[in-house]
Amino acid sequence: MTPERYQKFQQVLNRRQLDLTVITEDVHKPHNFSAIIRTCDAVGVFAIHAVNSRSSMPIYNQVAKGSEKWVACHTHTNIESAVSDLHQQGLKVYAAHLSKQALDYRMIDYTKPTAILLGAEKSGVTQKAADLVDGHIIIPMLGMVQSLNVSVAAAVILFEAQRQRLAAGLYERVHLAPDIYEQMMFEWSYP
Ligand code: SAM
């Protein structure tokens with residue numbers, strides 16, 4: 001590995017945010033899932049959670065552009081286990097969900113440990129998931145269509161989280177424990 005490549009790995013690992021994540025709930029289209037992973041990498045998300053109650057998760061390499069190598073994906077067979085794992089880790093879970101009680105996504109403090117739940121392309125967030133989370137958030141829609149593509153919604157919300165975290169200096173300190181940092185450096189260096 002070249003020194004430049006090693007430095008790049010360090011820069012990226014130094015900024016990875018352990019307490020900012022995404023849960024996808026049956027997001028099945030490979031290009032959508034891959035686009036979400038690519039955005040997570042850009043924002044500095046360390047790992048994401050995919051709930052696949054119906055099938056396994058396909059990755060579309062043309063869209064992910066290899067970012068699936070840099071963002072770990074934990075899979076769950078049901079939404080309860082995903083939400084409860086994250087609650088146990090101290091994260092608040094917000095569903096991007098077009099409900100009546102949803103708050104404007106910019107009203108959330110993403111400098112706090114946060115997970116964003118995204119719903120399936122056709123049916124959206126399930127009622128079960130909507131009931132389990134700490135709140136609902138919405139990206140205001142002022143046009144003719146009711147919703148955004150799920151990967152676009154993920155990007156809009158995650159870049160707001162990045163904006164807030166940059167302002168709070170959260171990318172200026174290392175969040176990974178030394179053993180995890182070393183493990184990631186090893187895995188990335190010797191894939
Ligand atoms: N008909 C579905 C519904 O009523 O929820 C639309 C699903 S939308 C194409 C897929 C997912 O993208 C949603 O479940 C939500 O997580 C996210 N999403 C899309 N547009 C959104 C918006 N304006 N605000 C919040 N989330 C949005």
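How far from a nitrogen atom of the ligand does a backbone N or O atom of Leu148 lie? I found 2.9 Å for this pair, a polar contact by the criterion of N or O atoms within 3.5 Å.

I noted that the model is predicted: local features need pLDDT of at least 70, side-chain atom pairs count only at pLDDT 80 or more, and totals for chains, interfaces and linings use all residues. Residues are numbered from 1 along each chain as its sequence is written, and side-chain values use heavy atoms, with hydrogens and water left out.

For Lys122, I read 3.2 Å between a polar backbone atom and a nitrogen atom of the ligand. The protein buries 88% of the 560 Å² that the ligand exposes when taken alone (Shrake-Rupley method, 1.4 Å probe).

**Ligand shell.** I counted 17 residues around the ligand (a heavy atom within 4 Å). Ala96 and Gly119 are among the closest. The shell comprises 12 nonpolar, 3 polar and 2 charged residues, with Gly classed as polar. Strand 7 (135-138) and helix 6 (150-167) each contribute at least two of its residues (DSSP runs; helices of at least four residues, strands of at least two).

**Salt bridges.** I recorded 6 salt bridges (Lys or Arg side-chain nitrogen within 4 Å of an Asp or Glu carboxyl oxygen). Asp41 pairs with Arg16, their closest N and O atoms being 2.6 Å apart. Because Asp41 belongs to helix 2 (residues 30-43) and Arg16 to the loop between helix 1 (3-15) and strand 1 (20-25), this pair ties together parts 25 residues apart in sequence.

Technical notes. Polar contact = N/O pair within 3.5 Å; in protein donor to acceptor, adjacent residues only side chain to side chain.
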